[in-house]
Amino acid sequence: MSTSVIHQAWSRRTEDIKRNDVWGYREFAVDFSDHSMDLWLEEVRRESYRAGAGTWTSCKVYLYPDSDGRLETFDFELFRPNSDDGIPDRPADALTLFQDLKAFPRTLDNIPQWMWTVFRAEGVTPPVYNPQLQTVEWANKRLPVTETGTDFSAQPQIIDPSKEPGVFAKISRKLFG
């Protein structure tokens with residue numbers, strides 16, 4: 001079983017392997033590389049994106065030598081209860097979540113409460129999906145959003161907030177009450 005938390009800025013993965021009814025450490029890197037797993041999870045995450053609704057944040061991958069595997073996805077961060085390596089899991093900070101929402105934007109109502117808590121604590125206004133224009137908007141900038149997330153190949157447009165006060169007022173009310 002591989003447990004992953006994936007953000008655009010950083011990600012972490014832990015593996016628990018059971019062989020011959022004994023749990024242990026990962027020893028099959030030759031059979032399935034970290035790089036292959038990363039590429040596959042990034043692809044599945046992009047394909048899972050729904051405009052305005054976002055995509056999953058954490059997953060568990062179950063791989064079996066003699067049967068089909070399974071993928072479970074979650075819209076929250078999974079943390080290891082106890083870590084043998086001495087490195088504690090850390091929750092994502094506002095900058096990490098900002099970058100993730102910029103890549104896979106959500107409408108105001110689809111940003112989960114746990115993300116709002118982080119943004120409020122750090123005083124950060126998140127990027128938000130604009131369904132009318134099919135764009136992600138942040139810091140008076142706007143980029144187009146495709147069916148797999150933000151199109152970073154385009155040049156950001158500059159937004160004149162005086163011409164669009166409703167969108168930014170809603171963000172401010174949601175963030176700061």
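Modeller: The structure holds 3 aromatic pairs, a pair being two rings of Phe, Tyr or Trp (its six-membered ring) with centres within 6.5 Å; planes under 30 degrees apart count as stacked, over 60 as edge-to-face and the rest as tilted. This is a predicted model, in which local features need pLDDT of at least 70 and side-chain atom pairs count only at pLDDT 80 or more, while totals for chains, interfaces and linings use all residues. Residues are numbered from 1 along each chain as its sequence is written, and side-chain values use heavy atoms, with hydrogens and water left out.

The ring centres of Y49 and F104 are 5.7 Å apart and their planes are at 45 degrees, so this pair is tilted. Y49 belongs to the loop between α1 (34-48) and β5 (58-62), and F104 to the loop between α2 (94-103) and α3 (113-122), so the pair ties together parts 55 residues apart in sequence. Helices (H or I, at least four residues) and strands (E, at least two) are DSSP runs, numbered from the N terminus. Both Y49 and F104 are buried, that is, under 20% relative accessible area, where exposed is over 50% and partly exposed lies in between (1.4 Å probe, protein chains only).

F74 and F76 also form a tilted pair, because their ring centres lie 5.3 Å apart with the planes at 50 degrees. F76 is partly exposed, at a relative accessible area of 39%.

In α3, the buried residues are M115, W116, V118 and F119. They lie on the same side of α3, because their arc around the axis, taken from the directions to the C-beta atoms, is only 160 degrees.

M115 and F119, together with L97, touch the most other members of the largest nonpolar core, which has 20 residues. Such a core is a set of buried Ala, Val, Leu, Ile, Met, Phe, Trp, Tyr and Cys residues joined through side-chain atoms within 4.5 Å. The largest share of this core, 5 residues, comes from α2. Beyond four places in sequence, L97 touches H7, A92, W114, M115, V118 and F119, contact meaning heavy atoms within 4.5 Å. A second, separate core of 7 residues includes I6, M37, V44 and V61.
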